[in-house]
Amino acid sequence: MSEILNVGWVNEWVETVAQDKELSHIGKFSNFAVELVCEGKELKLFFNKGKLELAGEHRSQHDLIAFHGDHPAFVKWFGVNPEPLLNDFLALEKNQPGFSIPSERICLLRNLRVLQRLFAIAPRRG
C-alpha cells in the first residue's frame with residue numbers, strides 16, 4: 001500500500017492523465033472531486049476539464065465521488081494484473097467485502113465514462 005496513494009504514485013497518475021488524448025476529449029466538460037480512502041489514509045484529487053490535480057484549494061462547484069476500501073481491496077484494484085471482476089470499481093464494489101462507493105449514485109453516473117477511463121490509466125503496482 002505504501003506505493004499506492006503516495007506522492008510519487010499520484011504524480012505519475014497526474015502526468016499520465018495530462019498526456020491522455022481520450023480523457024482530454026471525454027473529460028472536457030467534467031468537473032468532479034475523487035476521494036480515495038484506505039484505512040485512514042485519504043487522498044483527494046480534482047478532475048476539471050480533462051486535467052487531474054491534487055486537492056489544494058477549496059472548490060465549490062463539483063461532484064464528489066468517494067471510494068472507500070481496505071488495504072486488500074486497493075491492492076486488488078490497482079494491481080498490475082487485477083483479477084476479473086476486481087479491475088473495475090463497480091465490479092469491485094459488488095465482489096470485494098471492505099470496498100464501497102458511498103457517493104450519490106447520480107454523481108457517479110454523471111461522471112461514469114470519465115471515471116472509468118481515469119482509473120483505467122491509473123498507475124499499476126504489484
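**Contacts, core and fold of the protein**

Q: Not counting residues up to four places away in sequence, which residues does tryptophan 9 touch?
A: This is a predicted model, in which local features need pLDDT of at least 70 and side-chain atom pairs count only at pLDDT 80 or more, while totals for chains, interfaces and linings use all residues. Residues are numbered from 1 along each chain as its sequence is written, and side-chain values use heavy atoms, with hydrogens and water left out. If contact is taken as heavy atoms within 4.5 Å, and residues up to four places away in sequence are not counted, tryptophan 9 touches Glu3, Ile4, Leu36, Leu43, Phe78, Ala122, Pro123 and Arg125.

Q: Which residues have the most contacts inside the largest nonpolar core?
A: A nonpolar core is a set of buried Ala, Val, Leu, Ile, Met, Phe, Trp, Tyr and Cys residues joined through side-chain atoms within 4.5 Å, where buried means under 20% relative accessible area, exposed over 50% and partly exposed in between, with a 1.4 Å probe and protein chains only. The largest such core has 35 residues, and those with the most contacts inside it are Trp9, Trp13, Leu36, Phe67, Trp77, Phe89 and Phe119.

Q: Where does the largest share of this core come from?
A: Helices (H or I, at least four residues) and strands (E, at least two) are DSSP runs numbered from the N terminus. Among the elements that each supply at least two residues of the core are helix H1 (7-19), strand E1 (31-38), strand E4 (63-69) and helix H6 (112-120). The largest share, five residues, comes from H6.

Q: How far is the C-alpha atom of histidine 68 from that of glutamate 42?
A: Along the chain, histidine 68 and glutamate 42 are 26 residues apart.

Q: What is the radius of gyration of the protein?
A: The protein has six helices and five strands, which from the N terminus on run α-α-β-β-β-β-α-α-β-α-α. Taken over C-alpha atoms, the globule rule is 2.2 Å times the number of residues to the power 0.38. For 126 residues this rule gives 14 Å, and the protein is as compact as a globular protein of that length because its radius of gyration is close to that value, at 14 Å.
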